[in-house]
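Reader: Walk me through the labels on this one, please. I'd like to see each term set against its cut-offs.

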Amino acid sequence: MKLSAEIAGQKLAIEIKRDGDRVFANVDSRKYELEISEPGPNVYLLKQEGRIYEAWVEPPVTPAEPFQARIGDRDFEVLIIDPKRLRSAGVDQEHGDGLAEIKTAMPGKVVRIIVEAGAEVKKGDGIIVVEAMKMQNEMRSPKDGSVKEIRVAEGSTVNAGEILVVIE
């Protein structure tokens, strides 16, 4: 998966590949081979060459906002830009009064559905949790509204770009 990231005004090209328990990352010209585990929500252990780094990551409310991250005692704001998402972005990215579709960015498994169809939600409320690459990601509402449709069930496998929940 190819991404771009912006940290403290610096833009980085990132490529991530997974092979079993190993994750291979190429950040600009630097290469990393890591083992990643998630001992708790939003907490990750990164193992590299006998060293273990603890990372805390708070996902953004919308894809246009940065992740909040802490590794050791250093805090970061990381804006992730998925070129695939940019190609498909259009007027519907500003939801306004229209429908908002919550989609997966990568293949995974639905771990938990937090809301029910018909529920009223506020922008930023947790909607659904999807596990991908052994990391659980809580997907949040991009707008105030009501849950019009839930298209998946807990335990189901989902593909990248699949619509999970529709909010109106």
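Author: On a 1 Å grid over the protein atoms alone, a pocket is an open set of points with protein on both sides within 12 Å along at least five of seven lines, and lining residues have an atom within 4 Å of a point. The model is predicted: local features need pLDDT of at least 70 and side-chain atom pairs pLDDT 80 or more, while totals for chains, interfaces and linings use all residues. Residues are numbered from 1 along each chain as its sequence is written, and side-chain values use heavy atoms, leaving out hydrogens and water.

Reader: What makes up the lining of the second largest pocket?

Author: That pocket has a volume of about 220 Å³, the space filled by probe spheres set on the points. Its lining includes P39, G40, R112 and E138, and β4 (30–40) and β13 (135–140) each supply at least two residues. Pro counts as nonpolar, Gly as polar, and Glu and Arg as charged, and the lining divides into four nonpolar, three polar and four charged residues.

Reader: Why are β9 and β16 said to pair?

Author: Pairing takes at least two bridges found by DSSP; β9 and β16 (163–167) have four, so they qualify. K103 stands opposite I163 in β16. They belong to an open antiparallel sheet, ordered β9-β16-β14-β11, with β9 (100–103) and β11 (120–121) as the edge strands, each pairing on one side only.

Reader: Which residues have the most contacts inside the largest nonpolar core?

Author: I102, I127, I128, L164, V165 and I167, out of 16 residues. Members must be buried nonpolar residues joined through side-chain atoms within 4.5 Å, where buried means under 20% relative accessible area. β9 and β16 are among the elements giving two or more residues.

Methods: Buried means under 20% relative accessible area, exposed over 50%, partly exposed in between (1.4 Å probe, protein chains only). On a 1 Å grid over the protein atoms alone, a cavity is a set of points where a 1.4 Å probe fits but cannot get out, and a pocket is an open set with protein on both sides within 12 Å along at least five of seven lines; lining residues have an atom within 4 Å of a point.
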